[in-house]
Amino acid sequence: MKDQANKTFWQKVSGVYGLFMKKDRKMYEEISREIGADLDKSMTVLELACGTGQLSFLISQSVGFLEATDFSENMIHTAKKKQAPENLRFSVQDATDLQFEPEVFDGVVIANALHIMPAPEKALSEINRVLKPGGFLFAPTFVAAKGEKGYLSTRILNLLGFHTFHSWDDKSLTAFVAENGFEPVAVRMIHTGFLPLCCLKARKRPEIFN
């Protein structure tokens, strides 16, 4: 199964992932600024698919507490080797089956992960469940690049053993999130050296508040 293959891929690359992603620090800083505009020190935030913490350490500067999670045990093991501030905790969690009580988080961040999940609607359902009424979803996601560059980028990832399940553009990603219980608030494109990134911000819909 490709979803298990993807987990195997992340387990294998966990030790070098942080070094590889250093070149994208500016991208993470820009994502952090986009997200940080809606965060404050009173908030408890959940991050899904955190990897080894490239975005986690930046987000933690803007919130009261951040629970940073990933389904790869090796990724979390690597993240825990870093010196984290007191308001940042790393743990292993499956985004489609979260082990948290309902309505406990003010915001949820899931960066560059929805498109590599075979059933991202399950993750959005779980995010809805753990978000407080009016809570924010932040879902910066790589979207499809047009032309030869997009084809080559996807081809390289597949050859490395990494699979994508969804090839959205900004409009189809926004529509997908809207179909799964969220009200899109803002969309901004960030053009990286690899693939375009859609910074999508949404709120939990009022009609599903308990």
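User: In this predicted model, which helix holds both Glu 126 and Arg 129?

Analyst: The model is predicted. Glu 126 and Arg 129 sit 3 residues apart, about one turn of the helix. Their side chains form a salt bridge, with the closest N and O atoms 2.9 Å apart. The helix that holds both is α5.

User: Is Glu 126 buried or exposed?

Analyst: A residue is buried when its relative accessible area is under 20%. Glu 126 has 11% relative accessibility.

User: Which residue joins Glu 34 and Arg 188 in a network of salt bridges?

Analyst: Glu 34 is partly exposed at 31% relative accessibility. Arg 188 is partly exposed too, at 34%. The network of salt bridges also takes in Glu 30.

User: Why does the pair of Lys 204 and Glu 103 tie together separate parts of the sequence?

Analyst: Their side chains meet in a salt bridge of 3.8 Å, N to O. Lys 204 lies in strand β8, and Glu 103 lies in the loop between β3 and β4. Because of these positions, the pair ties together parts that are separated in sequence by 101 residues.

User: What is the relative accessible area of Lys 204?

Analyst: Buried means under 20% relative accessible area. Glu 103 is partly exposed, with 24%. Lys 204 is buried, and its relative accessible area is 3%.

User: Are the rings of Phe 57 and Phe 90 stacked or tilted?

Analyst: The structure holds 4 aromatic pairs. In the pair of Phe 57 and Phe 90, the ring centres are 5.8 Å apart and the planes stand at 45 degrees. Planes under 30 degrees apart count as stacked, and those over 60 as edge-to-face. At 45 degrees, the pair is therefore tilted.

User: Which residue, with a positive phi, follows α7?

Analyst: Helix α7 spans residues 170-179, and its buried residues include Leu 173 and Phe 176. At its start, a side-chain oxygen of Asp 169 reaches to within 3.2 Å of the backbone nitrogen of Lys 171. After α7 comes a residue with phi near 95 degrees, Gly 181.

Key: Residues numbered from 1 in each chain as written. Predicted model: local features only at pLDDT ≥ 70, side-chain atom pairs only at ≥ 80, totals over all residues. Heavy atoms only, no water. Phe/Tyr/Trp six-rings, centres within 6.5 Å; stacked < 30°, edge-to-face > 60°. Buried < 20%, exposed > 50% of the residue type's maximum accessible area, 1.4 Å probe, protein only. Helix = DSSP H or I, 4+ residues; strand = E, 2+ residues; numbered from the N terminus. Polar contact = N/O pair within 3.5 Å; in protein donor to acceptor, adjacent residues only side chain to side chain. Salt bridge = Lys/Arg side-chain N within 4 Å of Asp/Glu carboxyl O.
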